[in-house]
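This briefing covers strand pairing, helix packing, nonpolar cores and aromatic pairs. The sequence and the structure come first.

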Amino acid sequence: MASVLRHTDAEEQDSGMPALRIRLPIVLPWTIATVFCIAAATAWLPLLFERKPSIDMPAQERITALLVDEADASFASDRDPAEVKFGPGTYELQSGAIHLRFANGADMVLAAPAKLDIRDAFHTRLHYGKVRAMVPSTAHGFTIAAHDVDYEDIGTEFGLSVDPSTGNSDLHVFDGQVNVRRGDSSELLSSVLQGHSVRYVDGQATATQDIQPDEYLTPGAIGFLRWKTWKQELLKDPSLIGYFPFAEQDDISILANLKTDSGVTDGNISGARWVSGRWPGKRALLFDRDSDFVELTIPGEHQELTIAVWLQMDRFDNALNAIFNSNDWDDGDIHFQLTRQGLPYGDVNGSSVALSNRTWLGNPIPTAKWTHVVSVMSENERACRLYINGRLVLRCPFRQQGELRPGVCRLGNWKPLPGFEPVRSLQGRIDELAIWERALSEEEVKQLMEKGRPNFFWSPENPERQTSY
């Protein structure tokens, strides 16, 4: 149950200065995500596949595998899976990528174009395309058939590709061992061990140097693909004035704003260092010193602003930990921060209510987890709304009307004022910053979180922290 949290007077004393397109016929709801997260930690397979397939059960009623995640996936019109369920049959993936989990626990990541026949939880034929299989001990014997040969896994991880024109198949073993058997007799042809590759042409092994292990998608890579597709749609929004995807530039001191015609400047990186982000190949900035920050300018006056970030906190060192703050504290300056307990709060100087009058609903941000945090500031609504992972956790009414004038701002820190110099440095990573000159709706905030989630098994639910208030 979500907790209700109030701020202490001690912290108040230190706070005066501060549409989406999915080609599959379904959208994976977070209720399904929650089921999978719970399932991953428990013995979920018998519950989801409680009816053992038999020859007496119609194929369309059997559940052989479930769709775990997808990125811009599109199937041939007569080969779409029924909702998220894959039963025995033929499936032709025309675009995008999918992640399947079989009834025995085996995972398969499939990249388009590809065509496969699912016979049962242990037997699949790949007509063409590329797959990555991750096979636990419960799925020993998991077999993918290709032209003339079968690839039998005995508890490992491997990549397999089949050429659509020749039927030639390439195997690379990432971990463990894969047995290659003749398709018509099950005769063992070879055993391929970790780190080795092999190509089979008409049932015969040939030497090859052409296999590229990096071409086989991991489950996490699907999230990266989905985000990159969605990013292009996001950039079409005319109200988006700042978009920083955290792509490392030739000049590593620059955090590039892709909305180059908005007036919002690129960020100048001071101290923060480039590190890995939410996915392999994705970058983020690490803030781990009191002097680390990124400085940029949001010029002009605004009636509404929305600021959204993905961050991963290492610790909460300070009474207030800056996410995005105006350098000064004049009328209209904005502050978007986290308390020592991991609770977000937003402030507009001259407008918002006292911190002691704020009540948070929900659990605070944990450490070591990617979290989506959003501040929506609206003079039209006369309020500031704050979200954690798509859920409204705090709404602050404004005392009076006034323009938002962020000016020169710092990401991950605050420039102390003369005579008032509390440390506000953030300790953790930030990966993606987006700024709109309008107030996003709660549904839009949820969509941002869903499209940017690190992977399917990531949960928007945060654990309750045992802290006295």
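Axes are lines fitted to C-alpha atoms, for helices over the stretch in contact, and angles run from 0 to 180 degrees between N-to-C directions. Helices (H or I, at least four residues) and strands (E, at least two) are DSSP runs, numbered from the N terminus. On these terms, helix 4 (residues 219-234) and helix 5 (residues 442-452) pack at an angle of about 145°, and their axes are 9 Å apart.

The model is predicted: local features need pLDDT of at least 70, side-chain atom pairs count only at pLDDT 80 or more, and totals for chains, interfaces and linings use all residues. Residues are numbered from 1 along each chain as its sequence is written, and side-chain values use heavy atoms, with hydrogens and water left out.

**Helix contact**
- Arg226, Trp227, Trp230 and Leu234 of helix 4 meet Leu448, Glu450, Lys451 and Gly452 of helix 5, where contact means heavy atoms within 4.5 Å.
- By class, this contact of helix 4 with helix 5 has four nonpolar, one polar and three charged residues (Ala, Val, Leu, Ile, Met, Phe, Trp, Tyr, Cys and Pro count as nonpolar, Asp, Glu, Lys and Arg as charged, and the others, Gly among them, as polar).

**Nonpolar cores**
- A nonpolar core is a set of buried Ala, Val, Leu, Ile, Met, Phe, Trp, Tyr and Cys residues joined through side-chain atoms within 4.5 Å; buried means under 20% relative accessible area, exposed over 50%, and partly exposed in between (1.4 Å probe, protein chains only).
- The largest nonpolar core has 46 residues, and Phe324 and Leu433 have the most contacts inside it.
- Strand 21 (residues 304-315) gives the most to this core, with five residues.
- Beyond its neighbours within four places in sequence, Phe324 has contacts that include Leu296, Ile298, Ile307, Phe336, Leu411, Leu433 and Ile435.
- A second, separate core of 38 residues includes Phe75, Tyr91, Tyr151 and Phe158.

**Strand pairing**
- Two strands pair if DSSP finds at least two bridges between them.
- An open sheet of seven strands has the order 16-17-20-29-22-23-24, with antiparallel pairing.
- Its edge strands, each pairing on one side only, are strand 16 (254-255) and strand 24 (344-348).
- Strand 23 (residues 334-339) pairs with strand 24 over five bridges in the antiparallel sense, and Ile334 has Val348 in strand 24 as its bridge partner.
- In the hairpin of strand 13 and strand 14, with two residues between the strands, Asp202 takes a positive phi near 50°.

**Aromatic pairs**
- Rings of Phe, Tyr and Trp (its six-membered ring) pair if their centres lie within 6.5 Å; planes under 30 degrees apart count as stacked, over 60 as edge-to-face and the rest as tilted.
- The count by this rule comes to 11 aromatic pairs.
- The ring centres of Phe102 and Phe142 are 5.3 Å apart and their planes stand at 65°, so this pair is edge-to-face.
- Phe102 lies in strand 4 (residues 89-102) and Phe142 in the loop between strand 6 (123-134) and strand 7 (143-145), so the pair ties together parts 40 residues apart in sequence.
- Both Phe102 and Phe142 are buried.
- Tyr151 and Tyr200 also form an edge-to-face pair, 6.3 Å centre to centre with 75° between the planes.
- Tyr151 counts as buried at 0% relative accessibility, and Tyr200 counts as buried at 4%.
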